[in-house]
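Biologist: I've got a model open and I'd like to learn how to read it. Can you walk me through a few features?

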Amino acid sequence: MIPKIILSSGPHATRRTIGYLFGKGRANEHIDPHLVASWNGFAPDPGRSPHRDSKAVERQLVAQLDQPVKMLGDKAPKDTVWHCPVRAAPEDPILTDAQWADIARRIVAAAGIAPDGDENACRWVAVRHAEDHIHIAATLVRQDGRRPDRGYDQRAVQRAARKIEVDYGLRRLKQGDGTGAKRPTSKEHFKARRLGHDATSREVLRLRVRRAVAAAADETEFFALLEATGVTVRLKHGPSGDALGCNFALPGDTNDQGEPVFYAGSTLAPDLSLPHIRKRLGTTSPEPATVQPGNPWHQATTATERIPHHLTQGNDHTAQGQLVALGMTLDLLPLTAPAAVKAELDHAAAAFERATRSRVTADLDSTRVLRRSLQTIWRDRSQAVDGTGLAMLMDVTLTAVAFAMHWHRTRRHAQQEAAAEQALVHLQAAYAQVSGPVLADLAVRAPSPQAKRRFAQHLRDAAPEHAQRILDDPAWDALTTVLAEAEAAGHNAATVLNHALGQRTLDDAHSPARTLTWRIRRLGERHAPSPRAQAARARSTAHRPGNPAYPAAAASSPQTPPVRRR
């Protein structure tokens, strides 16, 4: 439940507010406007007076609301009308008029407009002209001529709304930190429904601008991508001629005069203003770091796999930058995915968008490799036609989103934590559809039982604490296939397995066999070392004190004879 306070001033503020509430609305969205509650319980109701002219009843209601204000004359406050729309969530049940009346009384009491039992409080009415919300309008002079005590009323009504959600079984919103994106208005929702659209223009623009930021290498490409998706851009120039801001509009989205409806970037989301966009695009400049030639899916997967380390070991600014890059990853994943999972990935990206912002300033320097790898994937999607690249990237993305949820929880970012949790649900559903066919194809190509027993012994030697869990994992056959393929490419299976196990702990992996499958797949596609290099690496590993075979290796190694001095 979302209450929002609006103040109005001027000699006709009450008349304008009541006229709007009982009118047809700017887009004819008002249906059956009528009172559900008032300060005295019997205020004139323009919507329920069939034997009187509704306009005359409106004037009578305005006069009664304005009476305390008129009594003060020139001493009346500047802001005379307190207007608070209260909206339920789309999935909430439809409330009755009596329930909305109770909600209205609790809101005005919490705001200090009409405390419980105060007969001299401000005059107010609650108007309902839709199923999912009401409007509370009050005049800001008490009936005894004093001003209402409404200090911090915005916070107070938010607290009251959280209690109302619990009492009525409504969707429980999380406490925010002021970094959330602006929600579509009721007018925007009604317009979208009238035009047969699934989303409002504000939501569509937010998604397209975010994807353009994630895919673009510089500002020129950013505007070119927006133009390619049909977005109209209007720049705001300063006295020097430099662009200071930008507004966005969709084709066909016009106002009553047939003019495009533009949205400022900062009203789409706090991080979509032109200065913020330029800052993010600056992380793809080629000077500080370069991406080595190779498979961009592997590079993006490796960079994403390091995000949990940044979230647990890095400072907050670096961690926040990693969350921004993770959000960009989710923004671009739907563009590279099969049609069957695009919807789930779109939902995951839309949900996680809230988790990419907090009061912590983002340090984006550590995100350059991931950003450029994603841009390469977006430009050339032919390198993962079998779905393996997408599956392995989604696997590490799942872990990163889970760590993001924990990071926000430890810092009491309630809305961001809930957003990451919601994104995780959609991402898991999409991952199951993407990884299932890939793992099944690998499993049917599993090597001989003898090779599988040999790989199992390697596993028990290298990771005895995880061995049984991995052997019982449904993805074990797929893991043996990639080990056999690595051997066929010239790698040593035991060495590759050790390397994969050493990349990152498996303690938090949902399916350790699946995680190892993707790691070994990436390692196996690298250039295999020569036999001499493999032998040197084996000797180095055997003679390392941390290796269990170290004493035997040291005892069996030939002793170098002492050098005889002349």
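Modeller: Let's begin with burial: a residue is called buried when its relative accessible area is under 20%. Keep in mind that this is a predicted model. Take strand S8, residues 243-249: six of its seven residues are buried, so by that cut-off the strand is mostly covered.

Biologist: Which strand is joined to S8 by six bridges, and in what sense do they run?

Modeller: That's S7, residues 232-237, and the two run antiparallel. Across this pairing, leucine 235 stands opposite cysteine 246 of S8.

Biologist: How many residues lie between S7 and S8?

Modeller: Five, and the two strands form a hairpin. Check glycine 241 in the turn: its phi is positive, about 95 degrees.

Biologist: What does S8 do with S9?

Modeller: S8 pairs with S9, residues 263-264, over two bridges, in the antiparallel sense. Look there for asparagine 247, whose bridge partner in S9 is alanine 264.

Biologist: What about rings? How do I describe a pair of them?

Modeller: You give the distance of the centres and the angle of the planes. This structure holds one aromatic pair.

Technical notes:
Residues numbered from 1 in each chain as written. Predicted model: local features only at pLDDT ≥ 70, side-chain atom pairs only at ≥ 80, totals over all residues. Heavy atoms only, no water. Buried < 20%, exposed > 50% of the residue type's maximum accessible area, 1.4 Å probe, protein only. Helix = DSSP H or I, 4+ residues; strand = E, 2+ residues; numbered from the N terminus. Pairing = 2+ DSSP bridges. Phe/Tyr/Trp six-rings, centres within 6.5 Å; stacked < 30°, edge-to-face > 60°.
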